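Trainee: Could you walk me through how to read this model? I would like to start with the contacts and work towards single residues.

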Amino acid sequence: MSNDKVPALIEDPALSQAYQKVRANNGGASYAILNYVSKEKLGVQAVGNGSIEEGAANFKDDQSQYGFFKVSFRADDDTERTKFVLVTWLGPNVSILQKAKLSVHKPLVKSVFRDCAVEITSSDRSELTSEALTSQIKRVNY
């Protein structure tokens, strides 16, 4: 982003702090979940060091949210890898209008949650497991 004023949607410094915690090499966090605190402003709903499934449990059926996940796995060459996944959650009970605004908001979210190996848009928690995300990463990167 340029030196222009940060858009209101992502102006909360806690968003970048959550991102940095997940990106940290020294343990930090394994996921960060963002939610809408108002129609035009995101906040940090959760930051945790649990499993992908634990992080995905924060997604609500009636909300649009974003998640940034650290996924560690053993690659086909038997090396330990860590990759990052950006999830756009569209709860199954989200209105069409709420879904439409994500096309405008997602690029702003990506300016905070940068450098991900895979982006997923989902309304199905079964797609948000360690196994499923690792499979997505391997399909794209290996």
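Trainee: Which share of the contacts in the chain with a separation of 6 or more comes from residues 24 or more positions apart?

Mentor: Before the answer, keep in mind that this is a predicted model. Residues 24 or more positions apart make up 60% of the contacts with a separation of 6 or more.

Trainee: What order do the elements of the chain follow from the N terminus on?

Mentor: They run α-β-β-α-β-β-α-β-α, which gives 4 helices and 5 strands.

Trainee: How does the radius of gyration of the chain stand against that of a compact globule?

Mentor: A compact globule of 142 residues would have a radius of gyration near 14 Å, and the chain has 15 Å, so the two agree. The C-alpha atoms fill a box of roughly 45 × 35 × 25 Å along the principal axes. As for burial, 40% of the 142 residues count as buried.

Trainee: And the nonpolar core: which residues have the most contacts inside the largest one?

Mentor: The general idea is that nonpolar side chains tend to be buried together in soluble globular proteins. Here the largest nonpolar core has 20 residues, and L42, Y66 and F113 have the most contacts inside it. Two or more residues each come from α1 (13-23), β1 (31-38), β3 (64-74), β4 (80-90) and α3 (96-112). Of these, α1 gives the most, with 4 residues. Apart from this core lies another, of 18 residues, including F73, V87, V118 and L133.

Trainee: What is L42 in contact with, leaving aside its neighbours within four places in sequence?

Mentor: Its partners include L9, I10, L15, L34, V37, Y66 and V109, and also D12, N35 and Y36. Notice that Y66, a partner of L42, is itself among the residues with the most contacts inside the largest core.

Trainee: Could we finish with one residue? Where is the place of K138?

Mentor: K138 sits in helix α4 (residues 130-141). Beyond its neighbours within four places in sequence, K138 is in contact with F73, R74 and D76. A75 is 63 residues from K138 in sequence, yet their C-alpha atoms are 7.8 Å apart in space.

Technical notes: Residues are numbered from 1 along each chain as its sequence is written. This is a predicted model: local features need pLDDT of at least 70, side-chain atom pairs count only at pLDDT 80 or more; totals for chains, interfaces and linings use all residues. Side-chain values use heavy atoms; hydrogens and water are left out. A nonpolar core is a set of buried Ala, Val, Leu, Ile, Met, Phe, Trp, Tyr and Cys residues joined through side-chain atoms within 4.5 Å. Buried means under 20% relative accessible area, exposed over 50%, partly exposed in between (1.4 Å probe, protein chains only). Contact means heavy atoms within 4.5 Å. The radius of gyration is taken over C-alpha atoms; the globule rule is 2.2 Å times the number of residues to the power 0.38.
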